Every structure is written in structure tokens, then in C-alpha cells.
Amino acid sequence: MTTLQDILDPQIDHSFKGFPHTSSPLRRSQIAAQNWRVLDGDLPLPLALVKEQALQHNLSWMQRFAADHGLDMAPHGKTTMSPQLLKRQLDEGAWGLTFATVSQVRAGVSVGARRCMIANQVFAAVDLAGIQDMQRKYDGLRIAFLVDSVAQLALIEAWYLSPKVLQSPVRPFEVLLEIGVEGGRTGCRSQKDAMTLARHLHDSPACRLVGIECYEGLGATGQSAADEAYAAALMQRVCEIAVACDQQNFFDNEEVLVSAGGSAIFDLVANRLKPELSRPVRGILRSGCYVTHDHGFYKRMVNAVNSRLHCSGGLQAAMEVWASVQSCPEPGLVILAVGKRDISYDLDLPVPLTFCKPGGAAITDAPADWKISGLNDQHAYLRGTGPEHAALQVGDLVALGISHPCTTFDKWRWMPVVDENYVVCDALVTRF
């Protein structure tokens, strides 16, 4: 039987990309004692790593932001799917955790989460059974998921009321009504549709309507005027529907959950998550990428957040991917030994950050004109001009920043956590 200790302190070995080839298998708790230094060549490259100081800053900063706005955090665990990071988010004060699938929820439950949200529609019989199974096994476990159509509700009811299911104890599913936007993903597009669905949910023996939800991140542009207008309109709809549901007594819980908040414009929804209802309201932010932040998309977005908050010490990029120069085949082009198997590229290509000789005695900022122009599975095309680029040699080291942490985390089974000198002080694993 897998224990919590096994989950938080797993064995890591050379079958994990980035682990030293000649090292004996080690428990996570043993890794800091090895005194490995990334820039000394103690670990094979390419290597994704997390910087401890920035990581802790982000964990504390976002929790304080939520508390200052009278909100709770249910961080989106799909970003990292790391038991160690999920546990740290809970220890930092998170009310619960958010996931995208029933399978992902198990990672949160395994580290002690007893309040979980699935920010997605659930309707397949195997998933509905999985939720009931977890709730039978873990006392006090709450799992709430999203509903946005009568068609989805019909599938839930068909499973819930089937003769086979009725033979064993089952409980109604906790659900949140999702509000969407035209051209976006899931969610009710009109107040009429939302209220019709809310009435059906309230009347259904299979569900208990416990709240209302939206996701504002897809409409974010990084331009404050446009983002403020967009978020205000969306949250006004959410609040109006919440009030209407409350007035018609559609909510089936003493406390109403109202949730939004990605990692791009979370500040613009934070003040609108506690509408005045006849019963208590718990406002919940679900930001996930904040935990490591990035050097690309979210950096641009949060620069605007910092400006709106008049904040000079906001989120910090905590993840880097280090690679070695593999070839210098022609002037202006250097090939790095890192590619799509190692680093995210879905929102933006990686960003050159710093470079150094092996040993890292002098780490230098990458010139502004250095660009990654393309990626293959295992190769990156680093283009640039000037003497620094021309002086790069095979074996030199280059650090790359990422855009969108989710799609870098899922390429690694483990990542070292390093101090400011790139000495490994801890480790994390992922469970995708």
C-alpha cells in the first residue's frame, strides 16, 4: 500500500530524465545531502529546475493576496501535478485544490486535500463512479465539479438512478453552475440558459447546486483598459445569476461557493467574488501558474497586474531550463541540446536568460537580441549577433525561461530545487 511518506519522499533514479547517470537511487529527502551543483555538471542537461527562493515567495505572496481580499485559495493542481508542491500549497493555507479531471483529483487527495474542485464538466459513468469511490474511502472529502447543460445533467442522472448504482450507497454530487462567454470554452452563454439549468439542478436528486463559477483567463490581453471592461462584464453576469439563484432558493448548501481566477488577471475578479446573498459566500481563487510564474506570457500579464496594484514585489519566475551548446554550425546560429521534449512552446518559444562557461563562475545576462527561433524534438535554434554570441562554444551553458509552466512540468518526472547558487537543496516529482 502506498503511504503518504512514499508519495512525498519517493525514490528517484537514473530512469528519471535529468538524474545523474552514475548515482545510486535516492529518496527525495536524500538529494540535498549530495551537494550537487547544476552548473558544475553534476546533473545531465537539459534540465528543468525550480528556484527555491522565488518559489516560496510566490506561494506566500498569492496566499496573502487572497487573504487581503477576503478570499480563499484552491490552486489549480494541474499546473504542477507535484505532490510536494500541492502539499506546500495546502500548508501555506489553501482552502482546497482544483483539478481538471477525476484522475488528477487523486493526487490532491493523496497529500491530504479534503476539498477539491474539478474546474471542468464531469459526466462519464467511470468518472462519476470514481468520485463516489473516493468519497467513500476518505471521510469528509468534498469534490465539486462544473455543470453547464441540461444534456450533461441528464447523463449524470442516468448513471445516478441506474439500478446497479442504486444498489450501493451514493450521495448527490456537489456541482457549480458554470458561466461562459461567447466564443470561449464551456459555460452557459445566457442568463436564461443558466437559470433554466439551475432550476433543473435544484430539482435533481443526483446533484446539489453549491455555487457558481467562471474562468476569465481566456479573454485576458494584458491591456488594462480592455481587461478591466471584460472582467467587469463577466463578473457582473456571474453576480446577477448568483443573486437570481439565491432569490429563487436554487442553492442547496448553507454556504455558496463563487469561484474564478486564473493567473493572468486574478486581481480584476478578486473584488467581485463575494456577491451579497441571503447566505454566506465563500469566494475562491483558482490560480495555478503563479506557483512558478514564468518569463513569457504570465510575466507580461502580471506586469499589468503589478501596475494596477501599485506593487513592485509581485510574482517571480521560479523555473528555468538549462541546456548546453551542442553545435556552432554557422555565424549567427548556435544549436542548444534542448527541445520540445523538454520545454514548453505552446504559447511562446523559450526566452534566453543567461549563459556561462561550465562551472558557472561568471553567469552573464543574455543580450537582448538573442532569440530562440525554433525547436525540434531535441534541438533549439539560438540566433543572435555580437561578440557574446560569436564567442559561444560547444559545452557552454545557456539558461532558458519558459512561457506557460503547465506544459513544461508535464515533460519532467522530477525537478531539482536549487538555491541562489544553483546548488540542489530539494527535489520534486510529478504525477501526470
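Good morning. I begin with a charge and a ring: the charged end of K17 sits over the ring of W412, at 4.1 Å from the ring centre. Please bear in mind that the model before you is a predicted one.

I turn now to rings that pair with each other. How many aromatic pairs does the structure hold? There are 11 aromatic pairs. Let us take the pair of F19 and W414, with ring centres 5.8 Å apart. The angle between their planes is 70 degrees, and planes over 60 degrees apart count as edge-to-face, so this pair is edge-to-face. Where in the chain do F19 and W414 lie? F19 belongs to the loop between β1 (11–12) and β2 (26–27), while W414 is in strand β19, residues 414–418. The pair therefore links distant parts of the chain, 395 residues apart.

Are these two residues buried or exposed? Buried means a relative accessible area under 20%. F19 has 1%, so F19 is buried; W414 has 0%, so W414 is buried as well.

A further edge-to-face pair is formed by Y160 and F173, at 6.3 Å centre to centre and with 65 degrees between the planes. Y160 is in helix α7, residues 150–160, and F173 is in strand β8, residues 173–179. These two residues are 13 residues apart in the chain, and both are buried.

Thank you for your attention.

Terms used: Residues numbered from 1 in each chain as written. Predicted model: local features only at pLDDT ≥ 70, side-chain atom pairs only at ≥ 80, totals over all residues. Heavy atoms only, no water. Phe/Tyr/Trp six-rings, centres within 6.5 Å; stacked < 30°, edge-to-face > 60°. Helix = DSSP H or I, 4+ residues; strand = E, 2+ residues; numbered from the N terminus. Buried < 20%, exposed > 50% of the residue type's maximum accessible area, 1.4 Å probe, protein only. Lys NZ or Arg CZ within 6 Å of the ring centre and 35° of its normal.
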